[in-house]
Number of protein chains: 2
Amino acid sequence: MKMITKASKKLIWACAFVSLALCAKADDGHNLWLRPVNAKAVKVTGANPKSATLAIAKKEIEQAWLGTAGATVKLKLVKDPTLKADGFKIAGNTVSATTESGILYGVYEMLRRQQTGNISNVVSNPSYQIRILNHWDNLNGSIERGYAGNSIFWRAGDNAFTVTDADKKRWEEYARANASIGINASVLNNVNASPNMLGEKELARMKAIAAVLRPYGIKTYLAINFASPMRLGGLKTADPLDPEVIKWWKAKVAEVYKLVPDFGGFLVKANSEGQPGPQDFKRTHADGANMLADALKPYKGIVMWRAFVYNAEEKDRAKQAYLEFMPFDGKFRDNVIIQVKNGPIDFQPREPFSPLFGAMKKTPVMPELQITQEYLGHAEQLAFLATMWEELYKSDTYQEGKNSTVARVTDGSIFPQKYTAVAGVSNVGLDTNWTGHDFAQANWYAFGRLAWNNQLKSEDIANEWIKLTFAPTIENKDWNKGFYEPVKKMMLDSREVVVNYSMPLGLHHIFAGNHHYGPGAWYAPRGTRKDWTPPYYHQADENGIGFDRTKTGTDAVDQYHEPLSSEFNNVATTPEIYLLYFHHLSWDYKLKNGQTLWDALCNHWNTGVNQVRQFQVTWDKVQPYVDAERFTRVQEKLRRQTRDAQFWKDANLLYFQQFSKRPFPDNVERPINNLNYYITTDPLSMKPVQQRR
Amino acid sequence: MKMITKASKKLIWACAFVSLALCAKADDGHNLWLRPVNAKAVKVTGANPKSATLAIAKKEIEQAWLGTAGATVKLKLVKDPTLKADGFKIAGNTVSATTESGILYGVYEMLRRQQTGNISNVVSNPSYQIRILNHWDNLNGSIERGYAGNSIFWRAGDNAFTVTDADKKRWEEYARANASIGINASVLNNVNASPNMLGEKELARMKAIAAVLRPYGIKTYLAINFASPMRLGGLKTADPLDPEVIKWWKAKVAEVYKLVPDFGGFLVKANSEGQPGPQDFKRTHADGANMLADALKPYKGIVMWRAFVYNAEEKDRAKQAYLEFMPFDGKFRDNVIIQVKNGPIDFQPREPFSPLFGAMKKTPVMPELQITQEYLGHAEQLAFLATMWEELYKSDTYQEGKNSTVARVTDGSIFPQKYTAVAGVSNVGLDTNWTGHDFAQANWYAFGRLAWNNQLKSEDIANEWIKLTFAPTIENKDWNKGFYEPVKKMMLDSREVVVNYSMPLGLHHIFAGNHHYGPGAWYAPRGTRKDWTPPYYHQADENGIGFDRTKTGTDAVDQYHEPLSSEFNNVATTPEIYLLYFHHLSWDYKLKNGQTLWDALCNHWNTGVNQVRQFQVTWDKVQPYVDAERFTRVQEKLRRQTRDAQFWKDANLLYFQQFSKRPFPDNVERPINNLNYYITTDPLSMKPVQQRR
């Protein structure tokens, strides 16, 4: 018996090294979680041939049916009070819904269940009506915080506005992928928006994109530049109360809707990080948002107005969105939604939830999540973000008593809202595999699945994604133990691993300037806004480390509802994962495990490195179960991640030891360079930089 | 009690970080193992004021006496048949010897014993008459394989031949350091010798150097270029049998002795790596050496003729020195010594001993050791070489029965020899601390101590060196446990650690081209001599790895005396440390510990990295016991060594896996870059290179 095991192991390895073609077909990752299967015969009824959406539903069934051969699947448009929005019901081989999109979602769910081995009836309603991707795509084709190639929507050059077959093919693939996970909306351009977005050629291209997306149930939205009336329209002002400005926007909205009658609306980043906004004209965010909302209202369009605002003068950036927006609660039109980033700072590997969630009781609030890994290793590092988002959704705001979770205060469970929505900043680009890192596909997938059902568990999402993405086409009874289990564990651990090697215990925003890839706790070039430099956030000195947001500090804790306010104010009751977010503590502060703060920080950094190393081992061992192409891509990414993790650990150890003046614990692996190396080496390019300190 | 320990630990750390000045005086390392001490009063008799050497002996006692205050030390020149050469006797406070140098050595030994706490009487005779440093110093001041700054003897520029006070001070410090460990000879220039060495200005400078070295008992030697009669003397030939050539050398030797009457002789690298030699004129090594020996004979000068010869045509470089020189055994003049590198290849981290040791029975053979770490990490890596040399000296050649160790077949114990000698290629340069790495001083020290007594144990040498170099000036009862023990362990382990992360199990010469710093198992630019490329040495292919030197291979084993010849020929009896030096083995070959060869290689590389990491921890923990200057210097070197070790491991893992096609064992830490990175990154500069493969 043992001999056989050994022999088969050998065979597996020979396979892995020698004749890969025989083992698993090369996979460039382009098919995402929608890989072709050997479909069985099936009949589909109820697909009204006039409906492009139902035609898609039918085709999807025909090309992926794994149920009983020769079965008949019924698609049924119904009236059913148990179904909300584009919810659906699967009963046996029947999929019913009140909308065509609902049927399409039901079909994808049915096929997914077949593939993942979970055959059962279900009624499923979406948590949010609007499940939207924000593409930070610039009109020249570049993508802000994009790490997987250029924009699939925009490009520079002579044929920038030519709609090619390749364009349409890619857009359709994109739409299909989104539909398969319930995403029903896309903002096609960067929130740092060009006024040109509303130009003629740009809108024409939007129309072409919308036409491809529409059958898949996806509505098109645009991010707009608040100064468009001036910079595009030639007006002297963009004052939202100016009649000419109002007129200009109404005309522009009419123009848009003429092109795209089901256009979704505008996303606006105003008076934030240098973007124009109503405050430039001494108007309020409400003035600005409402003016646009009024223009969109006749068409049922909406405004998603971002709360991500802060300025250099305030003494705590974390407090500013709340301070800025709470006074306007209830002052917004009913087709305005305030889009709030998950944390008060900015998509950090870990932050507490934004205190605006649940606090704005008379204005709908939508979470903005970042799928693209700006702060979690770009497309180089493996970080499955479902766990981070699950942590957010489950956070209790206590705003309407216990169980006022972020999920429930945003999805309409607690506050009556005309619109509910959740946004994810997309990680999609022109790379063949869409997301650069093969495992970053899982974040796109997870965002969609959680937008549909914000009660889903990360483990269940990982379960689906792994099976859809990697399950062998030929049954392999070892696969579960050999691939599925270890890879699932790796994914579920991965976000915490990033936190460990970079910013554990509530540390935040100690990144290298600009690209936010590696460490830069020291980064503070002269003349830079303090709130754009890491020392502002970590506050390390000889006495300790951390940002004091207690009542005796900036009192940011006051923005949270009791009991959180008191809990965060008291170091003893603050969850240790948020410790240095709320407290400035002595290096010798004792954690619950008995370690000093300094030792614990060192140990987290060190543990993170070893955990990524373990990912490498895990991945090496799954080689027999995965095609060579994806195996090699991920293996190479993991090599880099370990290198990066080591870079994080070493830089943090050496930088902070300058203040702590304490030794590293014995078990902590020592740095392999001097501090100056880390300061003068760009962690992204690994080339020398001359950073002014 | 525990509280006190903790408090004192804290104090130590505060000390380490805050007020270093209070703890241990900054030490630039310039004083080597001869640091100033608080000497007690002492009287010295017997120091004949006419003797510069005895004056030094007296001064040394006066400035370092740690015996009974007010004692009288007697220096006595005696006739004593128990004393050989410059041996000495210490009896109470009396030092006696048959030569002035002997007294000086006895004084240094007495003072060393006082400092290291080993007070006892002793009679001590040197193992070798000539204990010589070979300086590979070029006349322009550069040093071949020198890593600690430029030459202390030579320099380029306008004042190249000006003898400054700084020159003389440095030469005297150098002479004193040598004398303190029994070194009594120096070759002032590179074995790849410039003909100009014998020019007028150069010889004048040599005279000035010799004058400073002489009182310390150090004789001066020169390396000569065999073509000097042509290239310096303008003759048409350098044929050793040509009367004009013979005449030229006789005249040159006379000129040298006129300048330096106690001149030691010539060191010659002939017909080796492009150097000229007698074979250029169809003469033999014996012809060449004997001609020079005849010229030197009248002055009691000697010739040290290097056996380091090999050419590209032979199919095994390891065999060549033996093949070349054995036919001439007994054909050399009695003032010729054949200088043989410790191993058959070239100063590798580990090789078996050269088969010439003990085999040349009628010709004196002297070992050539390399103190400068050409192949063991330059002055960047910590590698205490005493263990390597101890391994060599103790190797049994069996040439005259059991216990014909390399030590005994070279030191006159077995073969009657007119001259006995041992050479060490120096690691000294103009750096303040002489050797670049503070711990490289220990190799200079160890070479000298073993040259004096080739039976010394590495541990005893480390014991002396650590105490002399690092012992606190103020008694600290924790020092032994806190510093001495861990540092000694680190030193004793260090050479094996280098072997582990670079070339375990008999691998050899898989270095990056030219600088021999990091890995380059792939290095084989087109057109390069095969025996200058690593694939020649590792012979890796899909079937296995290693150089087959058995009877069915190149039969290099035949050059060893039985039982070694059979032992090395049989894989089962070959010591595993030499496994791949003698055998080409399957990747699945089972080692004694049950591991496959592939797994064992991976584990060695991996272990090596972890061992250096442990050195870092060890060193961090001794911080309270060492001055900040040396602490930081060594700490930084160890950081680099870990980085380098990781580079070695990763490069080896990835390169050889191409052939082994086997997975890494689970416990082996994965690479952090792709193979191509290691191939295209220079391991010394860490900058990109374009190496042709």
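Student: How much area is buried between chain A and chain B, and what share comes from carbon and sulfur atoms?

Tutor: The size of an interface is often given as the accessible area lost when the parts come together. Buried area here is the accessible area (1.4 Å probe) that two parts lose on being put together, summed over both. Between chain A and chain B it is about 2,600 Å², with carbon and sulfur atoms giving 53%. Keep in mind that this is a predicted model, where local features need pLDDT of at least 70, side-chain atom pairs count only at pLDDT 80 or more, and totals for chains, interfaces and linings use all residues. Residues are numbered from 1 along each chain as its sequence is written, chains are lettered from A and ligands numbered from 1 in the order in which they are written, and side-chain values use heavy atoms, with hydrogens and water left out.

Student: How many residues of each chain take part in the contact?

Tutor: Contact means heavy atoms within 4.5 Å. Chain A supplies 30 residues and chain B supplies 30 residues.

Student: How many salt bridges are there between the chains?

Tutor: A salt bridge is a side-chain nitrogen of Lys or Arg within 4 Å of a carboxyl oxygen of Asp or Glu. Between chain A and chain B the count is six. One of them pairs Arg613(B) with Glu669(A), whose closest N and O atoms are 3.2 Å apart.

Student: Which helices of chain A supply at least two residues each to the side that touches chain B?

Tutor: Helices (H or I, at least four residues) and strands (E, at least two) are DSSP runs, numbered from the N terminus. On that side of chain A, α1 (2-17), α19 (597-621) and α20 (628-660) each supply at least two residues. The most comes from α20(A), with eight residues.

Student: How many helices and strands does chain A have as a whole?

Tutor: Chain A has 21 helices and 15 strands. Its C-alpha trace spans about 85 × 75 × 55 Å along the principal axes.

Student: Is Asn403(A) buried, exposed or partly exposed?

Tutor: Buried means under 20% relative accessible area, exposed over 50%, and partly exposed in between (1.4 Å probe, protein chains only). Asn403(A) has 42%, so Asn403(A) is partly exposed.
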